[in-house]
Amino acid sequence: MTRGPVPLWQDEPYRPRSPLAGEVRADVCVVGAGVGGLATARRLADAGLSVVVLDRHEVASGASGRNGGFFIAGAAPMYHETRRLWGRERAVAVHAATLAAQREMLAVADAVGARSHFRVGGLLRLAVDAAEADDVRANAAALAEDGFPGQLVAGDDLPAPLARPGRAGLFFPHDGSVHPVRWLRALAGALETRGVRFFEHSPVVAPPAGDGDRVCVRTAAGAVRCDRAVVAVDGDLAALVPSAGAVRPRRLTMLATAPLSRTVLPFPVYARFGHEYVHQTADGRIALGGFSDLDGDASWTDRAEVSAPVQARLERWLAEELGVDAPVTHRWAGVVGFAADPLPRCGPVPGSDGRVFALGGYNGTGHVQAWVASRVVADLVVTGGSPSAGLYAAVDA
């Protein structure tokens, strides 16, 4: 992945860790220092295994640190759609697993001193027209039928800037926003104190390969020899795990404004079937992303370069929907993994004799789903089995 402009979340001082030079050994090597990699490393450390984490850039510098800053349960499709696509049993299991993951993430954040980086006050799914309002009601009905939270809202209960005749919304009290880089770098620091070793600016140059009865993970200037390897990347998954070719890299575009002196949005908002997503940060900025459909075929790329037409459309949305004319201070893109299913991939890599595992392909909702996938993979590494092994798709599906 080629990195583009610096996102809001990464625009603060940071002292990188040293790159890997030479050879090191560990029980497990984790490739990728985003949420999936850090969550996996944490679980493996809990099991008493020695862990090395490699990242081509820095902790939370990929999709996990170039996202919209949302903290959302559920899969990428709306819940009633997951029931239709995957069947009710799997839809229930995935949704329940993400709700449990949210609770665990907040507990871990509290333990590592990062709870203040989360703002959990609910999120609104906004229907922008009558047809989408019908879909919102179908979504609410499916959630209620299966005992999951979600409250229909309309009229004066909608945020004032977004209220229009005929609009409706669905409010999720368990969701919210997060400063992803501060949270994940706090988690990485806590893992380091427990003996997890991190090497940044250490790009892995080839898929992890068998090395006798072990695995070798080679970087530009060194190698990790380990019993097991875990590839925990999202948009770049197929580059290191060719059998995961169904996961394609796609860029999503964001912007952020200068801080506002007033509250425009009391909670994050997903609009137009999730195509647009916006929230106001703790310091008053508007962080807005979306219009990936406007980006069209150009969005299917591993280059985190902003799209000028999409940025222009985002600025119009700011003015027309929110009435915000604050200057834009940050523009960025993040590359994430999309699959047509759209199920994340996790599990053993075919042909690796159970020594290499992978997780990724979250279709734009990786913060919580990666945490879920990490539990599956860590279980498989530690015990050889997982009660949630069938939750997501196989790596080569």
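How do the axes of helix H3 (residues 88–111) and H9 cross, and within what distance do they come? Let me start there, everyone. The two axes come within 9 Å and cross at roughly 95°. H3 and H9 are therefore roughly perpendicular to each other, a label used for angles of 65 to 115 degrees, while under 35 counts as roughly parallel, over 145 as roughly antiparallel and the rest as oblique. Axes here are lines fitted to C-alpha atoms, for helices over the stretch in contact, and angles run from 0 to 180 degrees between N-to-C directions. Helices are DSSP runs of H or I with at least four residues, strands are runs of E with at least two, and both are numbered from the N terminus.

On the H3 side the contact uses Val94, Ala97, Thr98, Ala101, Gln102, Glu104, Met105 and Val108. H9 answers with His367, Val368, Gln369, Trp371, Val372 and Arg375. Contact, throughout this talk, means heavy atoms within 4.5 Å.

A quick word on what we are looking at. This is a predicted model, in which local features need pLDDT of at least 70 and side-chain atom pairs count only at pLDDT 80 or more, while totals for chains, interfaces and linings use all residues. Residues are numbered from 1 along each chain as its sequence is written, and side-chain values use heavy atoms, with hydrogens and water left out.

Now the overall layout. The domain assignment, automatic or from a database, gives domain 1 (17–118 + 179–242 + 341–396) and domain 2 (119–178 + 248–339). Their centres, taken over C-alpha atoms, are separated by 26 Å. Across the boundary, 39 residues of domain 1 are in contact with 39 residues of domain 2.

That brings us to the interior. A nonpolar core is a set of buried Ala, Val, Leu, Ile, Met, Phe, Trp, Tyr and Cys residues joined through side-chain atoms within 4.5 Å. Buried means under 20% relative accessible area, exposed over 50%, and partly exposed in between, with a 1.4 Å probe and protein chains only. The largest core has 82 residues, and Leu38, Trp183, Val230 and Trp371 touch the most other members. Helix H9 (residues 366–383) gives the largest share, 10 residues. A second, separate core of 26 residues includes Leu20, Val204, Val224 and Val241.

Let's zoom in on leucine 38. Beyond its neighbours within four places in sequence, leucine 38 contacts Gly32, Ala33, Val59, Leu184, Leu187, Ala188, Leu191 and Phe198.

And what about arginine 42, buried or exposed? Arginine 42 sits in helix H1 (residues 35–46), and at 14% relative accessibility it counts as buried. Its contacts, again leaving aside neighbours within four places, are Glu104, Val108, Leu187, Leu191, Arg194 and Trp371.

On to the sheet. Eight strands form an open sheet with mixed pairing, in the order E6-E7-E5-E14-E15-E16-E13-E17. Strand E6 (151–154) and E17 stand at the edges with a single partner strand each, so one side of each has no neighbour in the sheet. From one strand to the next, the twist averages 25°.

Which strands does E13 pair with? Two strands pair if DSSP finds at least two bridges between them. Strand E13 (residues 248–257) pairs with E17 in the antiparallel sense over 10 bridges, with arginine 248 opposite phenylalanine 338. E13 also pairs with strand E16 (residues 286–289), antiparallel over three bridges, where methionine 254 has glycine 289 as its bridge partner.

For E17 (residues 328–338), eight of the 11 residues are buried, so this strand is largely enclosed by the rest of the structure. Helix H8 (residues 308–322) lies across E13, strand E14 (269–271), strand E15 (276–280), E16 and E17, running at about 45° to E13.

Aspartate 341 is partly exposed, at a relative accessible area of 28%. It touches Leu85, Trp86 and Ala393, not counting residues up to four places away in sequence.

Helix H2 (residues 79–86) and helix H4 (residues 130–145) pack at about 75°, with axes 7 Å apart. H2 and H4 are therefore roughly perpendicular too. Among the residues making that contact are Tyr79 and Arg83 of H2 and Asp135 and Leu143 of H4. Thanks, everyone!
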